[in-house]
Amino acid sequence: MSVTFVEHDGLLLACRVSGREGAPWIVLSNSLGATMAMWEPQLALLEPHFRVLRYDTRGHGASGVPPEPYRFHDLVGDVVALMDHHGIARAAFMGLSLGGMTAIGLALTHPGRFERIICCDTRADAPPPFQQSWVERLAAVDEGGLGRIAGGTMERWFAQDWRAVNPAALAAVEAAFLATPVEGYRGCVAAIRTLDYLKDLGRITVPMLYVCGSADMAAPVAAMQAMADATPGSRLAVIEGGAHLPNMDRSMEFNRVVAGFLGIP
């Protein structure tokens with residue numbers, strides 16, 4: 001399960017393929033400041049039933065770092081290019097935070113390529129308070145790099161009880177965050193600040209499941225419930241006690257919800 005690279009749009013996208021050969025495909029998309037490694041708690045669930053394609057978002061992990069700013073057109077195009085490279089006509093898709101925003105873009109612009117989509121801990125718009133939070137965060141990054149915001153980011157990403165008993169896993173995630181190129185981080189933040197999908201959710205035809213940690217302050221339950229209400233045929237599953245990355249800090253419950261939507265017994 002080595003990393004391979006796919007050339008697209010003048011950069012190399014790092015990806016891994018695993019799981020059962022000949023099985024239906026599922027594509028996994030990471031959050032801002034993370035890498036494809038964030039999905040490791042889901043692999044034991046998915047690999048017996050799916051061919052799994054994970055990748056590092058542009059500007060993250062082992063993928064290339066093009067000049068900022070990035071737009072969701074770019075992030076969506078990266079996914080389609082990865083699927084085309086691997087001969088994937090249709091797939092399921094799961095994205096969290098930035099990956100969830102990408103998921104919405106894919107549902108709106110390439111609905112025929114996706115069997116179903118799981119959209120986790122994300123937003124569909126960028127209201128003024130949300131915009132201001134990014135202005136402040138980027139100002140801190142400009143002053144002292146990602147190290148200036150790493151501690152607060154880990155507190156938002158993971159529930160305190162999980163952080164207390166998983167120091168090694170927390171350290172690995174924080175190390176990946178700190179290794180994210182600042183230009184890649186800023187490039188993806190530029191995309192997030194243009195987020196304007198909320199008005200279009202009523203056009204989505206792909207079966208959608210929204211998932212949110214009950215303690216997620218970055219993508220609050222109320223905001224995600226409004227997204228589910230606006231998306232035909234969708235629903236919201238709330239992971240009790242989970243923070244922004246409930247796939248990690250509440251992995252058992254997260255996996256149970258995902259299994260139900262994907263039809264995994």
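**Exercise 1. Determine how strand 3 and strand 4 pair, and over how many bridges.**

Solution. Begin with the assignment: helices (H or I, at least four residues) and strands (E, at least two) are DSSP runs, numbered from the N terminus. Two strands count as paired if DSSP finds at least two bridges between them. Strand 3 and strand 4 (residues 51-55) are joined by five bridges, in the parallel sense.

The model is predicted: local features need pLDDT of at least 70, side-chain atom pairs count only at pLDDT 80 or more, and totals for chains, interfaces and linings use all residues. Residues are numbered from 1 along each chain as its sequence is written, and side-chain values use heavy atoms, with hydrogens and water left out.

**Exercise 2. Trace the pairing from strand 3 to strand 5, and from strand 5 to strand 6.**

Solution. Step one: strand 3 pairs with strand 5 in the parallel sense, over four bridges. Here valine 27 stands opposite phenylalanine 93 of strand 5. Step two: strand 5 and strand 6 also run parallel, joined by six bridges. In this pair, alanine 92 faces arginine 116 in strand 6.

**Exercise 3. Decide whether the residues of strand 3 and strand 5 are buried or exposed.**

Solution. First apply the cut-offs: buried means under 20% relative accessible area, exposed over 50%, and partly exposed in between (1.4 Å probe, protein chains only). In strand 3 (residues 25-29), five of the five residues are buried, so this strand is largely enclosed by the rest of the structure. Trp25, Val27 and Ser29 cover one side, and Ile26 and Leu28 the other; all are buried. In strand 5 (residues 91-96), six of the six residues are buried, so strand 5 too is largely enclosed by the rest of the structure. One of its faces holds Ala91, Phe93 and Gly95, the other Ala92, Met94 and Leu96, all buried.

**Exercise 4. Locate the backbone features at aspartate 9, proline 69 and aspartate 121.**

Solution. As background, most residues other than glycine have a negative phi, and most peptide bonds are trans.

- Aspartate 9 has a positive phi of about 55° although it is not a glycine; it is in the loop between strand 1 (4-8) and strand 2 (11-19).
- The peptide bond from glutamate 68 to proline 69 is cis, with omega near 0°. Proline 69 belongs to the loop between strand 4 and helix 2 (72-85).
- Aspartate 121 has a positive phi near 45° and is found in the loop between strand 6 (114-120) and helix 4 (128-144). Aspartate 121 is buried, at a relative accessible area of 0%.

**Exercise 5. Describe the setting of aspartate 142.**

Solution. Aspartate 142 lies in helix 4. Its relative accessibility is 54%, so aspartate 142 counts as exposed. Its C-alpha atom is separated by 30 Å from that of glycine 213, 71 residues apart along the chain.

**Exercise 6. Compare the radius of gyration of the chain with that of a compact globule.**

Solution. The radius is taken over C-alpha atoms, and the globule rule is 2.2 Å times the number of residues to the power 0.38. For 265 residues a compact globule would have a value near 18 Å; the chain has 17 Å, which agrees. The C-alpha atoms fill a box of roughly 50 × 40 × 40 Å along the principal axes. Buried residues make up 55% of the 265 residues. The chain has 11 helices and eight strands.
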